[in-house]
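Good morning, everyone. Please take a look at the structure on the screen, and I'll walk you through it.

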Amino acid sequence: MRLPLGKIKIRDDQGYDTIIKTEEFEEKRVGQQVDIPNPIVKIENLTLKYSGTPALIDINMEIPKYKATAFIGPSGCGKSTLIRCLNRLNELIDGVTIEGSIKISGMDIFDPKIDVTELRKRVGMVFQKSNPFPKSIYDNVAYGPRIGGIKSRSLLDEMVEKSLRSAALWDEVKERLNESAIVLSGGQQQRLCIARAIAVEPEVLLMDEPCSALDPIATGKIEDLITELKQNYTIVTVTHNMQQASRVSDYTAFMYLGRLIEYDITEKIFLTPSKKQTEDYVSGKFG
Amino acid sequence: MKNFWKSGDPFIWITGGALTFSLLMIGGLLFLIMAKGLGFFWPSDIAEVRLKDETKLLGQITAREKIPQPGAPPGTPERYRIQLQIGNRDIYGLDFRWVNEDEIAKIDYPRSAVLLERREWGNMYGFINEIREGEVVVAQGNEESWIVLKDLLPQTQDIYKTIKRIEKKDIGDFNYKIEKLRLDIRKLELQGGDQTSMQANIKSLEDQIEVQKKLYRNKESELAGLYEKLTEDKIIVSTIDGREKEMSIGAIVRAYRPNDMSLLDKALLYISKVWEFVSGEPRESNTEGGIFPAIFGTVMMVVIMSVVVLPFGVLAALYLREYAKQGLLLRIVRICVNNLAGVPSIVFGVFGLGFFIYAIGGTIDSLFYPESLPTPTYGTGGIIWASLTLALLTVPVVIVATEEGLAAVPRAITEGSFALGATKFETIWRVVIPVSMPAILTGLILAIARATGEVAPLMITGVVKLAPELPIDGDFPFIHLERKFMHLGFHIYDVGFQSPNVEAAKPMVYATTLLLIFIVVVLNFTAIVIRNRLRKRYASSVF
């Protein structure tokens, strides 16, 4: 069926088709607004449902290599869910169904032939609440390499030191590597978790609101660290804190109710957003 | 009034009262057991009681109670009676005698009264008349004899120990070897095969048996000599009512004059008696002597049970919590496991008898020990079967506790492990189990507490009144799991209710009970200390 001029057919997330005016469509057209140079992650038509309830709807985006990309949006908008798709951690939850595809360095991560543990070694993650294992500092950082089969003590020593240095924690803990990680302060624990994640040398480092439980000084340290780390890692971070997103990220994606509303260079999102919702959110009118 | 209830104050009093009441009950129980059990070993003075009818009694006062006077008019003065342990069972027939206080003319504590603890017939109370070596009188009169006796007693004790060692070790060894050779012959006969070579083999084994028997006979004559020496020295003791009793010094375990002892001497004697109780072997059908075999059996059984129940319970709980698909079936399984913990223990005992002993033990016997049949080796009660039965009894406790521990492992921690590329197995092995270790140990503590106190299933799976050998000894393969064993709980029952001399055994029951409680506390305490250490190590901020 040919549509009349100036009209367009769109399919909503329930699968119903509607015919609307082209201008309305322009207003409704959401998603990536910018060409991404050198993308490492490509998300195509990603839809995720928790026991039938959609949490992510038709996400299409690319994430650039060696840059920090921030996801912002009000609670429940799906930003955490989205980054947990990148290392397939959502699969641990019962009743999750995923459609669409995600490619990381050209590899389709939902390919049944892919070994999920290999994927997770390539896509590290830092969680909202620091979650060090109740082991020594050393054992925490060495956990990933040991899982990877490294047994040589000298090699492990080297990796632990390197990771702790990269996480800017080495000078604080080098005297007490065998003490329990639990005795560290909140900010130190979070940096330990970052050290633990980069010890396996991932390509992409996911950070799910890494500073939400920290005081401003510890937050500042983590933010500096992110700026430092993006020299060597692709960073994808979720944050509630818009100042933080504007400080650390090169690109910012705004999500709302499971949809990617707008995704652009950070300055553009914060200074001249093209969508009304984005503008309302970043200017603090809601959220 | 309504406001009074509303304020919540009475509720606080009720709750506090309930707790206080429980604590008082437990405290009272412990106090009673301790008072009765610990007092048993104290060498109290020997009283010489002269009654108004001129009868004299000699013994230790063990109790005092009010005489019930039913139907007496109010205002009647209360009357009391005392219980005397007069001993000398071989002469009087009874160890104890009740004496009404108003019949007593006088109580003395003669310095020279002596108490002889004997290997047979219980205590003897009296005065020493003379001591003879063979037919020669070496000492006469109380004082002189007492000095000589103190010299002689250690010597005879040494002889007695030598005899016991020879009987237990050397003779035991010969018997063990002869039995083994006999079984080897039987095995060869059962195997059949070439007649001539078999006959030759059997012949050589029979020769070996002859050699052992010869050695055995030599030892036996040595032993006979020692026995003669032991009974050579005689002591003559007169009782308070003038009867004389002659016996060999070798029959005496301990001799002392409590009325002539300082407090320090008594304390030392007390310690030595407690030590004998804890480390010695039972005498006189368990009513005297020590209970070491029972302690050993109890602890060993609990240890074997723990070694079995811990891995089984933890593995089962891991499957239930981590691998099994949560659903109706799993819920039913869980309910069944919980209910299993409430099944009466004797039911497990019967199952242990039918399944472990007859089915598994019987099969082991017919496969591996056909030569000793029809005498069963594993097909009869033994420490391994008792331990397995208890493991079965306590496995639900471990499963439930472990499952709770696994469920309490924070999701953030397991996710952290998964996010580093760990598989489910690696996550469970390296993170989940260490973190839930305190809970697992709590399960083990509960299991141990339950198993130590259990008696009923043991009575049909391997506990005996008197086990001749410990389950661990010097004979290959050193740990004999098929052996029957003694157990403190059963010991209490046996001594208290099955012994011929209930009155004399009463304090022994309290002392044994005290020890059983002590062992439960020690086992639990050890586990708790380990758990707290682990807890400190694995304490996590996310808890």
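Let's start with chain B. Its domain assignment gives domain 1 (46–113), domain 2 (133–256) and domain 3 (297–538). Keep in mind that this is a predicted model.

How far apart are the C-alpha centres of domain 2 of chain B and domain 3 of chain B? The answer is 39 Å. The two domains do touch: five residues of domain 2 of chain B are in contact with four residues of domain 3 of chain B. Look at the domain 2 side of that contact. By class, it has three nonpolar residues, two charged ones and no polar ones.

Now the contact between the chains. It takes 21 residues from chain A and 19 residues from chain B. Which helices of chain B each supply at least two residues of the side that touches chain A? They are α11 (411–419), α12 (424–453) and α15 (502–538) of chain B. The largest share comes from α11(B), with six residues. What classes of residue are on this side of chain B? Eleven are nonpolar, five are polar and three are charged.

On to chain A. It has 287 residues, and 44% of them count as buried. Its secondary structure comprises eleven helices and 13 strands. Chain A is divided into two domains: domain 1 covers 1–32, and domain 2 covers 33–282. Taken over C-alpha atoms, their centres are separated by 34 Å.

Next, contacts along the sequence of chain A. Take contacts between residues at least 6 apart in sequence. Of these, 67% join residues at least 24 apart.

Now find a sheet in chain A. Four strands form it, in the order β5-β4-β7-β8. The sheet is open, and the pairing is antiparallel. Which strands stand at the edges? They are β5 (53–64) and β8 (107–108) of chain A. Each has a single partner strand, so one side of each is left without a neighbour in the sheet.

β8(A) pairs with strand β7 (residues 96–104) of chain A. The sense is antiparallel, and the pairing runs over two bridges. Which residue in β8(A) does K103(A) stand opposite? It is D108(A).

To recap, start from the contact between the chains, with α11(B) giving the largest share of chain B's side. Then go to chain A and its open sheet of four strands.

Methods: Residues are numbered from 1 along each chain as its sequence is written. Chains are lettered from A and ligands numbered from 1 in the order in which they are written. This is a predicted model: local features need pLDDT of at least 70, side-chain atom pairs count only at pLDDT 80 or more; totals for chains, interfaces and linings use all residues. Domain bounds come from an automatic or database domain assignment. Two strands pair if DSSP finds at least two bridges between them. A residue is buried if 20 or more other C-beta atoms lie within 10 Å of its own, exposed if 12 or fewer, and partly exposed in between; C-beta atoms are placed from the backbone. Two residues are in contact if their C-beta atoms, placed from the backbone, lie within 7 Å. Ala, Val, Leu, Ile, Met, Phe, Trp, Tyr, Cys and Pro count as nonpolar, Asp, Glu, Lys and Arg as charged, and the others, Gly among them, as polar.
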